[in-house]
Amino acid sequence: MNPLKDVFLFLSKQKFLQDLLSTSGPAKIISKRFISGETLEDGITMAKELNKSGSKISLDNLGESVENEQAALEAAQEYYKIINRIKSEDSFDISISLKLTQMGLDISDEFCLKNLRGIMAEAQKFNKLVTIDMESSAYTDRTLNIFRQLRKEGFSGTGIVIQSCLTRTENDIKNLLPIGPRVRLCKGAYKEPATVAFSKKQDVDANYIKVLSMLLSEEALKKGSYPEIATHDEKIIDWTVDFVKNNNIALDKFEFQMLYGIRRDLQENLVKHGYRMRVYLPYGTHWYPYYMRRLAERPANVWFVLKGIWR
Ligand code: FDA
């Protein structure tokens, strides 16, 4: 592992830096590398732009770790605004992503669930899918419980993110398969203790393939599993392309997903070859922790930041 990765993940949690940088003009400009802008309209404008080259979108209002009910209720209000804004956008496929600590998970599970139910009900009215992001392993159990509860209550448009870096993931997927889950499979962006996560990248990647094979199995697809392959890793993408060809899996049974600002060439190439592609598109003023996690994934990105400051 790159030691800089740990440094950026540590910085991502420093509130004073967040407060300092979130309002700084130059920092805001640099944030545009991974963030569509500060407002919902910035997100919609970029969504339309990306859709011109065939990508579907998952729109995310940045925010996490809210500390009081008022902030969580305000975050939920923003999601009602998103749904209201996109409900009539029939010309392209746009879904929503959110984080549970943005919806009040740190206050209580019940409060968070109540907040979410309202959003899910509103989204369901307009056939909009909602995916629950996965945060650090401290939240995995509670996030899975809330996902299961929403599915049990009939919110079939709810999806969940699962991380291949966690050793528990194979078991979690086994337990989810009977409900035919929509799973956005990623590697995991948080610093995790060695007790719960693979420490070597090759093990995280091998686990990704193992779990993805489970999600793409004939039985899982029959049950309604819909794998969302959320990675920029060309080896995993090539593996998937071969696997679906060899197993005659139709191209509408899964989709690739990538983050806004990363490998647009690869995104467009997959669309050109007939694959479904969805771009995770964040907007908002709380961009700092998300942005730092993007630097942690690829510390070489820091040159881009330095160049931006220099200019
Ligand atoms: P890997 O890190 O091996 O990178 C493969 C290649 O991709 C690199 O060689 C590089 O070319 C490119 N790349 C990757 N990251 C880059 C970056 N930041 N800048 C520039 N190039 C980069 N995580 C999480 O814990 N919870 C979540 O809810 C989500 N949600 C989510 C949604 C979607 C749609 C995606 C694509 C990813 C997430 N993630 C996430 C993030 C995920 O866990 C992971 O940290 C990143 O996707 C990077 O991992 P890769 O799979 O791309 O592989």
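Strand β7 contributes the most to the shell around the ligand, giving 3 residues. The structure is a predicted model, in which local features need pLDDT of at least 70, side-chain atom pairs count only at pLDDT 80 or more, and totals for chains, interfaces and linings use all residues. Residues are numbered from 1 along each chain as its sequence is written, and side-chain values use heavy atoms, with hydrogens and water left out. The elements giving two or more residues to the shell are β4 (158-163), β5 (182-186), β7 (255-259) and α13 (288-297); helices (H or I, at least four residues) and strands (E, at least two) are DSSP runs numbered from the N terminus.

Around the ligand there are 24 residues (a heavy atom within 4 Å), of which Gly 188, Lys 201, Thr 231, His 232 and Glu 297 come nearest. Polar contacts are pairs of N or O atoms within 3.5 Å; within protein, one atom must be able to donate a hydrogen and the other to accept it, and residues adjacent in sequence count only if both atoms are side-chain atoms. A side-chain N or O atom of Thr 231 is 2.6 Å from an oxygen atom of the ligand, and a polar side-chain atom of His 232 is 2.7 Å from a ligand oxygen atom. A nitrogen atom of the ligand lies 2.9 Å from a backbone N or O atom of Arg 294. The ligand taken alone exposes 930 Å², 86% of which the protein buries (Shrake-Rupley method, 1.4 Å probe).

Thr 143 lies in helix α7 (residues 140-152). The side chain of Thr 143 reaches the backbone oxygen of Tyr 139 at 2.7 Å.
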